[in-house]
Amino acid sequence: MLRLLRRCVLGMTVLMTGATGAFAIDDYQLGPDSMRQEGVPVGTVTSSKWKSDKVFSGTERDVKLYVPAQYDKSKPACLMVFQDGGNYANENGGFRVPVVFDNLIHRKEMPVTIALFLNPGSIPATVPGGRARGNRSFEYDSLGDQYARFLIEEVLPHFESQYSISKDPKHRATCGISSGGIAAFTVAWERPDQFGKVLSHIGSFTNIRGGNVYPSLIRKTPKKDIKVFLQDGSNDLDNLHGHWPLANQQMAAALKFAKYDFEFVMGDGRHSAKHGGAILPQSLKWLWSDVKAE
């Protein structure tokens, strides 16, 4: 299904170059899997605040937790962590993850999965009326294991103490958009013993903080046991940090060379959630296809 979709999207991109106005750019639409369906049990979404006192000491962030209606504490659930979580958790937004999860889990097209939505941290203002300082680029675009440690050592133990969550890395995924996309990949790259799946939307595999080295690292590093889905668009960003479509094509080429289990869907989109949101249900079905849904 995804390979057919990829061929269709690529074909559209080629046609556009030869026939101006034949297709609208980034004109992707959400399908029925992203809409509420009658008779589908609805999971719960709760909100909280997280104040880091360890890895990103002094930062605060919004957190949401989705627990599917089918969750049974006697059976460890799978886990998916979303960077820029507020975008993904919004039921009226571009991704609508809780709705998509409800539909796919109900039809057993993905396993019972708890979703953790984390916003990037910010450092509160120190003077009255001052503005908080965002920590997003430092957390997401930096290479190394710092953000992975933040998740694994600081955040996840809190939720694992309340819910039964599988420790199997094949049952744990990370996801993000733009800088959150490279952050998702970095988590699994640094800790494949903890996270075995990656979903990256318009990932910033460019030289914001050195992320452009990943294609070379993938080629020269012994293969890691991670499964990767990449999505980008031919009209994505091109600026001083790099060329997003080319960077994602380089990632896909490196993953193919190193014989990773991966999927790459290139459309005609801009730097937005439209394409990634439209194909999210198919992306999730592929990502979780190696885990039995019960």
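## Strand E4 and its partners

Strand E2 (residues 60–67) runs antiparallel to strand E4 (residues 113–118), and four bridges join them. Strands pair here if DSSP finds at least two bridges between them. Helices (H or I, at least four residues) and strands (E, at least two) are DSSP runs, numbered from the N terminus. This is a predicted model, in which local features need pLDDT of at least 70 and side-chain atom pairs count only at pLDDT 80 or more, while totals for chains, interfaces and linings use all residues. Residues are numbered from 1 along each chain as its sequence is written, and side-chain values use heavy atoms, with hydrogens and water left out.

E4 also pairs with E3, in the parallel sense, over six bridges. Alanine 115 in E4 has tyrosine 66 opposite. Methionine 80 also stands opposite alanine 115. E4 is mostly covered, with six of its six residues buried. Buried means under 20% relative accessible area, exposed means over 50%, and partly exposed lies in between (1.4 Å probe, protein chains only). Side chains in a regular strand alternate between the two faces of the sheet. In E4, Thr113, Ala115 and Phe117 lie on one side, Ile114, Leu116 and Leu118 on the other, and all are buried.

## Strand E7 and the crossover

E7 is largely enclosed by the rest of the structure, because six of its six residues are buried. Arg172, Thr174 and Gly176 point one way from E7. Ala173, Cys175 and Ile177 point the other way. E7 pairs with strand E3 (residues 78–83) in the parallel sense over four bridges. There, valine 81 stands opposite threonine 174.

E7 also pairs with strand E8 (residues 197–201), in the parallel sense, over five bridges. Isoleucine 177 has histidine 201 in E8 as its bridge partner. From E7 the chain crosses through H6 to E8, and this β-α-β crossover is right-handed. That term means that, with the strands pointing away from the viewer, the path from the first strand over the helix to the second runs clockwise.

## Two loop residues with positive phi

Serine 178 sits in the loop between strand E7 (172–177) and helix H6 (179–190). Its phi is positive, about 60°, although serine 178 is not a glycine. Serine 178 counts as buried because its relative accessibility is 12%. Leaving aside neighbours within four places in sequence, serine 178 is in contact (heavy atoms within 4.5 Å) with Arg136, His201, Ile202, Gly203, Ser204 and His271.

One of those contacts, Ile202, lies in the loop between E8 and H7. Isoleucine 202 has a positive phi of about 40°, although it is not a glycine. With a relative accessible area of 1%, isoleucine 202 is buried.

## Strands E9 and E12

E9 and E12 pair in the parallel sense over seven bridges. Glycine 233 has glycine 267 in E12 as its bridge partner. Six of the seven residues of strand E12 (residues 261–267) are buried, so E12 is largely enclosed by the rest of the structure.

Leucine 230 is in strand E9 (residues 227–233). Leucine 230 is buried, at 0% relative accessibility. Leucine 230 and leucine 287 are 57 residues apart in sequence and 11 Å apart in space, C-alpha to C-alpha.

## Helix H7 and isoleucine 218

Isoleucine 218 belongs to helix H7 (residues 214–220). At 0% relative accessibility, isoleucine 218 counts as buried. Beyond its neighbours within four places in sequence, isoleucine 218 is in contact with Phe185, Trp189, Met251, Ala254, Leu255, Ala258 and Tyr260. The C-alpha atoms of isoleucine 218 and glutamine 37 are separated by 41 Å, and the two residues are 181 residues apart along the chain.

## The largest pocket

The largest pocket holds about 310 Å³ of space. Of the 14 residues that line the largest pocket, Lys75, Pro76, Val112, Lys292 and Glu294 are the closest to its centre. The lining divides into eight nonpolar, two polar and four charged residues. Here Ala, Val, Leu, Ile, Met, Phe, Trp, Tyr, Cys and Pro count as nonpolar, Asp, Glu, Lys and Arg as charged, and the others, Gly among them, as polar.

A pocket is an open set of points on a 1 Å grid over the protein atoms alone, where a 1.4 Å probe fits, with protein on both sides within 12 Å along at least five of seven lines; lining residues have an atom within 4 Å of a point. Grid points are joined across faces, edges and corners, and the volume is the space filled by probe spheres set on the points.
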